[in-house]
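Trainee: I'm new to this one. Can you show me the model and walk me through what the labels mean?

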Amino acid sequence: DAMKKAMRRWVSNGLLVGTLILPTIAQADYMEDAGMGTATVLANVLYMPAKVVYATLGGVTGGFAYVLTGANYQVAERVWTPSLGGNYVLSPEQLRGNQPIYFSAPVTP
């Protein structure tokens with residue numbers, strides 16, 4: 001009988017401690033996610049307009065290169081590929097360093 005009471009006390013105490021600790025762990029994850037989400041939005045406020053301007057200028061420059069070289073697509077493509085490729089939006093994984101950020105796409109020979 002005393003053994004059963006002791007076992008019940010251990011189980012109930014364990015459940016109480018678990019119940020008190022779990023919200024703290026969940027709150028820490030939530031705060032980290034909220035902070036990373038905020039940082040991602042703020043980074044994109046600067047990054048996205050810069051990328052769109054870069055891509056637009058690259059598109060126009062590639063168009064001029066195409067016309068000025070007598071419709072040579074390879075010349076224009078060497079301008080278009082890096083400027084129009086790459087990431088237009090940053091993700092939290094990129095800010096954490098888990099994924100690379102490509103402002104421009106790599107040029108292949």
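Mentor: Let's start on the surface: Val60, Phe64, Tyr66, Val67, Leu68 and Tyr73 form a nonpolar patch there, with about 660 Å² of accessible area together. Keep in mind that this is a predicted model, where local features need pLDDT of at least 70 and side-chain atom pairs count only at pLDDT 80 or more, while totals for chains, interfaces and linings use all residues. Residues are numbered from 1 along each chain as its sequence is written, and side-chain values use heavy atoms, with hydrogens and water left out.

Trainee: What makes a group of residues a patch?

Mentor: Each member needs over 30% relative accessible area and no salt bridge; nonpolar side chains (Val, Leu, Ile, Met, Phe, Trp, Tyr) are joined within 5 Å, and like charges within 9 Å. The areas come from the Shrake-Rupley method with a 1.4 Å probe, and for residues only the protein chains shown count as cover.

Trainee: Which element gives the most to the nonpolar patch?

Mentor: That's α1, with five residues. Valine 67 is in helix α1 too.

Trainee: Why is valine 67 called exposed?

Mentor: Exposed means over 50% relative accessible area, buried under 20%, and partly exposed in between (1.4 Å probe, protein chains only). Valine 67 has 62% relative accessibility, so it counts as exposed.

Trainee: How do you know that glutamate 93 and arginine 96 meet in a salt bridge?

Mentor: A salt bridge is a side-chain nitrogen of Lys or Arg within 4 Å of a carboxyl oxygen of Asp or Glu. Here the N to O distance is 3.0 Å, and the side chains of glutamate 93 and arginine 96 do meet in a salt bridge. The structure holds one salt bridge.

Trainee: Where do glutamate 93 and arginine 96 lie?

Mentor: Both are in helix α3 (residues 92-96), three residues apart, about one turn of the helix. Helices here are DSSP runs (H or I, at least four residues), numbered from the N terminus.

Trainee: Why does glutamate 93 count as partly exposed?

Mentor: Its relative accessibility is 30%, so glutamate 93 counts as partly exposed. Arginine 96, at 34%, counts as partly exposed as well.

Terms used
Helix = DSSP H or I, 4+ residues; strand = E, 2+ residues; numbered from the N terminus.
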